[in-house]
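Subject: Structure handover

Hello,

Please find the structure below, followed by notes on what was found in it.

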Amino acid sequence: MKYSRVKRTDEMLSLITGCDFLLRNNEDESFTYHHEAEGLERRAEYCRYQYKPIEEKAIYPFLLVNIGTGISVLKVDSPTSFSRVGGSTMGGGAFIGLGNLLTSARSFDELLLLAEKGDHRQVGDYSYFSDEYVDSLVSDIYGGDYDHLGLAAEVIAGSFGKCSTLNHRRAQGLCEDAKEEDIAKSLLLMISNTIGQMAFLYSNRFEMRRIYFGGFFIRKHPISMRTLSYAINYWSKVRKLEDTRDILEQSDHSSI
């Protein structure tokens with residue numbers, strides 16, 4: 001019987017070495033996903049992908065937001081000079097874990113497909129107390145846009161905020177359980193918005209103008225890329241960032 005030898009290597013060093021190799025040798029390794037892009041129906045999804053070759057001298061520095069079970073934020077200055085500057089427990093593990101508890105989905109892809117069908121902010125006839133809702137929006141609190149703070153009416157004010165009165169409404173016979181699709185959508189947005197805000201804050205702190213997203217959470221699935229794209233766009237309005245939404249083509253293989 002033949003045995004294979006496995007050589008142990010440092011996880012983070014392997015991750016950065018792999019990213020360096022791919023960015024230098026594959027001109028289509030990273031892309032920007034434009035969730036707002038429009039085009040012919042059959043080409044609309046294709047139009048959202050923008051592949052941009054990166055000049056070798058412009059690769060560094062960058063911020064790598066690696067979204068696996070948790071999240072690691074790495075400040076990368078060169079293939080051999082990098083540090084973990086932060087992270088969060090609110091990653092893919094929290095998404096699938098809460099998804100298993102709250103819905104019938106039993107896999108990551110199944111939960112994403114469920115979220116694709118959901119609507120976390122449907123408008124019902126009973127405003128705040130409608131069972132159509134999952135999230136609380138700015139309009140629920142202020143009756144519309146809050147112009148003084150630059151908050152649009154449809155911005156989420158509280159993830160799962162409408163569920164806080166669910167038991168009370170159930171007891172009065174005013175509602176049924178929220179739809180699984182809406183729960184999955186709210187959960188995905190809660191995780192994605194947190195990641196987007198965190199990525200922006202770290203890029204602001206370290207004055208990084210390029211952010212890469214990688215990890216199995218993305219899986220090149222349109223809805224996960226769309227929600228991350230929206231989140232980083234929203235938070236970067238106050239300071240222009242270039243290439244902030246770049247996603248690694250091999251993201252499935254770069255997770256921690």
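A residue is called buried under 20% relative accessible area, exposed over 50%, and partly exposed in between (1.4 Å probe, protein chains only). By that scale C163, at 26% relative accessibility, is partly exposed, while C19 is buried at 7%. The structure has 0 disulfides, a disulfide being a pair of cysteine sulfur atoms within 2.5 Å.

This is a predicted model, in which local features need pLDDT of at least 70 and side-chain atom pairs count only at pLDDT 80 or more, while totals for chains, interfaces and linings use all residues. Residues are numbered from 1 along each chain as its sequence is written, and side-chain values use heavy atoms, with hydrogens and water left out.

The chain as a whole

The chain has 256 residues, of which 46% count as buried. Its secondary structure comes to 8 helices and 9 strands; these are DSSP runs numbered from the N terminus, helices being H or I with at least four residues and strands E with at least two. Contact means heavy atoms within 4.5 Å. Among contacts with a separation of 6 or more, 66% are between residues 24 or more positions apart.

Strand 4 (residues 71-78) has 7 of its 8 residues buried, so it is largely enclosed by the rest of the structure. Two strands pair if DSSP finds at least two bridges between them. Strand 3 (residues 62-67) runs antiparallel to strand 4 and is joined to it by 6 bridges; F62 has V76 in strand 4 as its bridge partner. These two strands form a hairpin with 3 residues between them. Strand 4 is also joined to strand 5 (residues 81-88), again antiparallel, by 7 bridges, and S72 is the bridge partner of G87 in strand 5. Here the hairpin has 2 residues between the strands.

Helices

Helix 4 (residues 108-117) packs against helix 8 (residues 222-235) at about 65 degrees, with the axes 9 Å apart. Axes are lines fitted to C-alpha atoms, for helices over the stretch in contact, and angles run from 0 to 180 degrees between N-to-C directions. On the helix 4 side the contact involves L112, A115 and E116, and on the helix 8 side I223, S224 and R226.

S186 lies in helix 7 (residues 180-205) and is buried, with a relative accessible area of 0%. Apart from neighbours within four places in sequence, S186 contacts H120, V134, D135 and F160.

Regards
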